[in-house]
Each structure stands twice: as C-alpha cells, then as structure tokens.
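Here are my notes for your first look at this entry. Keep the viewer open and check each point as you read.

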Amino acid sequence: MAATIRRLEEAVVNRIAAGEVIQRPANAIKEMIENCLDAQSSSIHVTVKDGGLKLIQIQDNGTGIQKKDMEIVCERFTTSKLAKFEDLNNINTYGFRGEALASISHVAHVTIMSRTKDSKCAYKGCYNDGKLKESVKPCAGNLGTIISAEDLFYNVPTRRRTLKNVADEYSRIVDVVSRYAVHNSTVGFSLKKHGNPAADVKTPMSSNTVDNIRIIYGPSIAKELLAVKDEDPRLGMTLSGHITNANYSMKKGIFLLFINERLVECTQLHKALDSVYSTYLPKGCSPFLYLSLKIAPHNIDVNVHPTKYEVHFLHQEQVIERIQKAVEQCLLGCNSSRTFYTQTLIALPKSSQTNTSGQKETSGTEEEARTYGYNMVRTDYSEGKLDQYLQVQTQPSASTSAADKENTVPATASATDDRLATGTPAPKRQRKDMEERFPGNRYKVTLSSVLQLQRQSEKAVHEKLREIIREHTFVGCVNKSFSLIQHQTKLYLINNKNLTQELFYQIMLYQFGNFGMLKLSEKTSIQELALLALDLPECGWTPEDGDKVDIAKYACQFLISKAEMLLEYFSIEIDKDGNLCSLPLLLEGYIPELERIPLYLVRLVTEVEWDEEQRCFHDICKETSLFYALQKEILPVPSSQQSDEEELKWKNITEHVICPAMRTTLLPSLQRAEDATFLEIANLPNLYKVFERC
C-alpha cells in the first residue's frame, strides 16, 4: 500500500531548515558576525561557553535594530537587504535570506537587546521558534546589538550528541573569528570563553591585514608575507591578498578565501594553488594564503548553499587560471634567494650539568655515559693557533704612532697581554676579581659615579652569552661587521660592532683614568676636524643649525674648556691652541678607524650631558666605544682597491686582538640576547638529522 503524503507542520519544517543553516556553533557565530558587519560595526565581541553549545553571545556597536522590527526579526525570510529577487544580481551585503536569526531561534533560546542611534533606550526581546515569548521591553543599553543564544540544539538531541567534543567546537569558532578578523582589519574583534578574562583572539580597531595576521597566526608567518594583486577587466575580477614566500611552509596549510567579502571555500582554486607551491616547498608542506577576490555582482550566484559557504561565478576556470598565474608570478619575483631563520634568543642553560663535550653528565653504565657523534665537540677553545705568531704587523699610519714614543704615559692596556696571547678563559668576573681582569691600574677608581656605572654593567650580564664568549672557538670573518664562532656543537654569527662597542665601553669603565696614549705624529686642529665632520651626512647638519664655521669654532672652544678633565680621566690631550694631540689606547695592538675622529669630536660636544657627573662619564665612554668599535668605513673602499694585505690585516686583528680580549674581558649584556647580536645558524644534532634523511 502506498504511503500517504502529508503536509509537515510548520514547526517541523522550520527545525529541518534550521539544521541545514546552523550545522554547529561555528555556523551560528559566522551568521551573527556577518549581521554585525552588515550593521557597520567597528567592534565585535564574542563570548562562548562549552564550545558554544551552552551559550553564544555576540555584541557589536553597529546601527542596531529598530523597536518596530523587534517583533519580526526572528521570523523566516525577514530581511532589510533584499526587496525583490532581482536584487540578488547586485547584492553587496553578507545576509539576504533572512534565515540566520530565525534558524538559531528554532534550535536555541535567543535573547536580543538593541539600541539605535535615535533611540533613548534599548529594547529587549526573548524568542523561541521565531516568535516573541512576550512583548518587547525597554531597558538600559549601549548603541548596537547584543544577541545571546543559549542551549543550542536543546530540541535536537541527535545533533547535540554528535557535538560532544567541546574543545573541537571551540577551535572551529576560533578559526571562523580569526578569518573574519584578518579580512576585516578595520574592525576590532575579540573572542573569549565565558568566565575567562583573557581573550583568545583580540585585534585592534583600525588595524591592517598584515598586523592582524601577525597577531593571530604569529610573526613567523607575517614576516614571510608577499602582497599579491591582480586585475582583469575582461573577467570583471580584482584580486588582492597576502601569501607566504618559499621560505615558509607548514604541515597543514591555511587558506583564507573571501569572494565579494564572503568567507567561502573553493576546492578547485585550492588545488590549483597547491600545484604552484609544489615546486617551491618540500613534499607534504603547504603555505599560508589569504586571498580576497572581487567579482562583478551580476557574474556571481551567492544563492547556492544554505550556509553561503559556496558560490558559483561565471568564467570560473579562467578566473582560477588568472589567480594561479598571479600567485606564480609573485613567487618568481622573490625566488632570487632563500632565507633560513633560526632562533635569535639564546636559551638559558639548563639545570643539569654538562661536560666539555656538550653532553649531560650521567652516572651508571658505560652505555649511559657514551658520547654520541652528534654531541661530540671536536674543537678546544683553549688551544692557540700558529698564525697568531705570524700576524701582519700593524704599523702605525702616516699620521699616528701606536703608542706615545716618549712613554710619558705608559700603555697600561698591555697589562692584559698575557691573557690575550693565550686562549685561556678568564676567571669569574665578580667585583672582587676586577684587579685580575684589569691588573696594573695606577689610578684606583673611587668616584661613586663610575662605581655605579660598573655595578650597572655587572647587573645586566647574560650568563649564557658570557659562557659562549668565554669558551668560543673563532671560525672566521664574514666581513668587518660579522664573524663566525663555535661554542660546543653550535655555530653562531656574531655582530662585531655591537660586541666591540660593549667591549670598549667596559674597558673605559674598568680602566677609568688608567689609559695609555695614542700620540698623533702631527697635531691636528679640532676646528678643521669639526668642519670635516659637518660635511658628513652622518652628522645631520642643516642650514637651520647655523654657520658651519661658527659651529666648528664653538666645538673647538668647548673642548678646550674640558681639556683638563679629558686628559686626566680619558688620556685625550688637547693643547691650548685647540689641537688634538692624543687619543686613549684602549687595547694593545688595536688602532681605531682614524677617519672617524672628526665625527667623534663633534659627538663629544653634542651628545654628552656635561652638567651631570655620572651621565657625563657614561656618555663619554659610550661615544668613545662607538668610535673604537669595529664597523664599516665612513667612506667605504671598493673591494677592487683593497689589497690582500689590508684585508688580512683587519682579519688578523679581529681574530688575534679583538676576540681574545672579548674572551677575557667582555661581559655581554641581556640586550645582546634580544637584538640578534648572536644568531645561531647551525647546530650539530640538527645537521645529523638532516643528513640522516638524505
């Protein structure tokens, strides 16, 4: 017997339709976020409980809902965005069906509180199955709308049982909110769990796409982004977005696709872009992609899927091919080099003890104490090299001699020469050991300002970096700015300028008043040197600063007035006629770049706070250390004009003068662990892993 066809009750029809639109909590939040965006909101706050099954609350500061519309707002097919079917051809809003709130109200208890700009108070209504439970009531409230949905799928027990994994549902909600936050960067988003004061997703208002990607997905993705743009008037499409370059990959890719501002999925486009990246990324790895595609409204059909996750548009194959070419062209433009990033910060030493081979000390059987190949250290930092005795002689230049020929002030920096010649580590650098680090000081420092600066330097020491510097093995010079050193099983790229500046600053502090002299063979007018400095772009002189000659005269007279103090404490000799006669000898065998003297003298005048004692000593030490630091020349010499002997000379000084001095004297500060002064570029265990896969 044939079954009887019956007309379903309206409540059953609505509940079935609601199950198609609202498949899980993330779908409900997507629909409500789109309503907020249609209401021109600039701030959207989402709160959920138990993965959205117990409570979903979304608050915005948009235009709100008028009181007269509160009665029908949760009925099916009620909308403010569409009047007739033809309007679908030019739809520019997220919503148009009028089913979102209706569907939610059929599977949850919905409460809406809203206030418009021209309303004196807010109005609140409670809904069930698309109808008001009771009349709308006035209440206090801010501009905008708050929608709460409680006990989602309370009347659909089968669906409720399939959504028992609360953590999985919350992760889907985070994904939806994150995607909309990236695309709508001018809108502030926040997502948090109910009762938790901290937000899991939070973006500021008036931000930009790259910053929001950095906040949500991390800086490792943001720093590898490439902007992609394309336009084809023939196809009526405009493409914009950000994609990661060939330096970044992940196991599970992230693909954010918005077509005409809608979050959608397009399997064909995803596969096409994966095929492009397959030639750049390792097998099994995927990129991060955010694409915003705008197509002429009359070329797209948005009325395809109840959740609006899918759309159909004309010339789909041509559009996908055009996007594929745009992405490939963008990747080709950045494929001239590959960058491999490593962790800049140096991890603090672990509590367990390590032996000289870098392996943890263990007790027990011989097997437990065995040192494996990937943990073996094959160098000894305490061993010297033969070439340190065959250095290129650092003859004084035409205008200087390495030390005072008359020996009126002894070069006390050579007192550390025994430790510089050998590779032995320095003793522990406590204040009581200062005499061991800088022996032979004639003048004992008693000035409280200098002692305070010394204490500040010691408090800021990074212990792990100190161990690396003290026990390093020099590998080689990359250039004047960077060198390679090895510590145990790791290879580091170090910034020579930062470390030598800190080295000479500490020498200035701990040998205060005990410097030798670098006598100039010919006295040089400070006024003339100041004029040379004012012509350099580094000086930053502008016509508003005044006449260069007047400034140079002032600088000369000013330094003459400070000559007695500069000579007594810093061995900087200036005669009564305004001539520079000598510079301090900070390190035996090392002469700074003399072309920087003019800029150094001007900075002593302009950058030093002369009226306060401690600040004055600090600034002089800082400027002097900057002058002495290893760095590029102000007027760089082309490599074709630089002789092999000159290159060998500065490389020998770096390896056999600077590095031994850092090993015995330098106290690296905490800042050096944060500014990429030490960059780990390789370590032996990871190299073993790489070659094991080959």
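1. Start with a term. A residue counts as exposed when its relative accessible area is over 50%, and as buried when that area is under 20%. Now take Gln40. Is Gln40 buried or exposed? Its relative accessible area is 64%, so Gln40 is exposed. Gln40 is found in the loop between α2 (25-38) and β1 (43-49). Its phi is near 60 degrees, a positive value in a residue other than glycine. Most residues other than glycine have a negative phi.

2. Compare that with Phe153. Phi of Phe153 is also positive, near 60 degrees, and Phe153 is not a glycine. This residue is found in the loop between β7 (144-150) and α4 (157-162). Its surroundings are another matter. Phe153 has 1% relative accessibility, so it counts as buried.

3. Remember that this is a predicted model. How far does the confidence reach? The mean pLDDT of the protein chain is 79, and 74% of its residues reach 70 or more. Two stretches need care. Over residues 350-368 the pLDDT is below 50, yet this stretch has 26 contacts in the model beyond near neighbours in sequence. Residues 392-435 also stay under 50 in pLDDT, and the model gives them 95 contacts beyond four places in sequence.

4. Next, the overall count. The protein chain has 21 helices and 23 strands. Of its 694 residues, 47% count as buried. Look also at contacts with a separation of 6 or more. Residues 24 or more positions apart account for 71% of these in the protein chain.

5. In what order do its four strands lie? The order is β17-β18-β19-β23, in an open sheet with antiparallel pairing. The edge strands are β17 (473-477) and β23 (678-683), and each pairs on one side only. From one strand to the next, the twist averages 25 degrees. Strands of a sheet pair through backbone hydrogen bonds.

6. Follow the sheet from β17. A hairpin of four linking residues joins β17 to β18. The two strands pair in the antiparallel sense over four bridges. Find Gly476, which stands opposite Leu484 in β18.

7. Strand β19 (residues 490-495) runs antiparallel to β23, and five bridges join them.

8. Helix α13 (residues 463-470) lies across β18 (482-487), β19 and β23, and runs at about 95 degrees to β18. Helix α14 (residues 496-510) lies across β18, β19 and β23 as well. Its direction is about 70 degrees to β19.

9. Zoom in on Asn495, which is found in strand β19. Its relative accessible area is 16%, so Asn495 is buried. What does Asn495 touch, leaving aside its neighbours within four places in sequence? Its contacts are Ser481, Phe482 and Thr677. A polar atom of the Asn495 side chain lies 3.1 Å from the backbone nitrogen of Lys497. Lys480 is 15 residues from Asn495 in sequence, and the two C-alpha atoms are 9.2 Å apart.

10. The buried residues of α5 include Glu169, Tyr170, Ile173 and Val176. Val182 and His183 are also among them.

11. Finish with Thr665, which has its place in helix α20 (residues 644-665). Thr665 is buried, because its relative accessible area is 5%. A polar contact of 3.2 Å joins its side chain to that of Thr664.

Key: Residues are numbered from 1 along each chain as its sequence is written. This is a predicted model: local features need pLDDT of at least 70, side-chain atom pairs count only at pLDDT 80 or more; totals for chains, interfaces and linings use all residues. Side-chain values use heavy atoms; hydrogens and water are left out. Two strands pair if DSSP finds at least two bridges between them. Axes are lines fitted to C-alpha atoms, for helices over the stretch in contact, and angles run from 0 to 180 degrees between N-to-C directions. Contact means heavy atoms within 4.5 Å. pLDDT is the predictor's confidence in each residue, from 0 to 100. Buried means under 20% relative accessible area, exposed over 50%, partly exposed in between (1.4 Å probe, protein chains only). A polar contact is a pair of N or O atoms within 3.5 Å; within protein, one must be able to donate a hydrogen and the other to accept it, and residues adjacent in sequence count only if both atoms are side-chain atoms.
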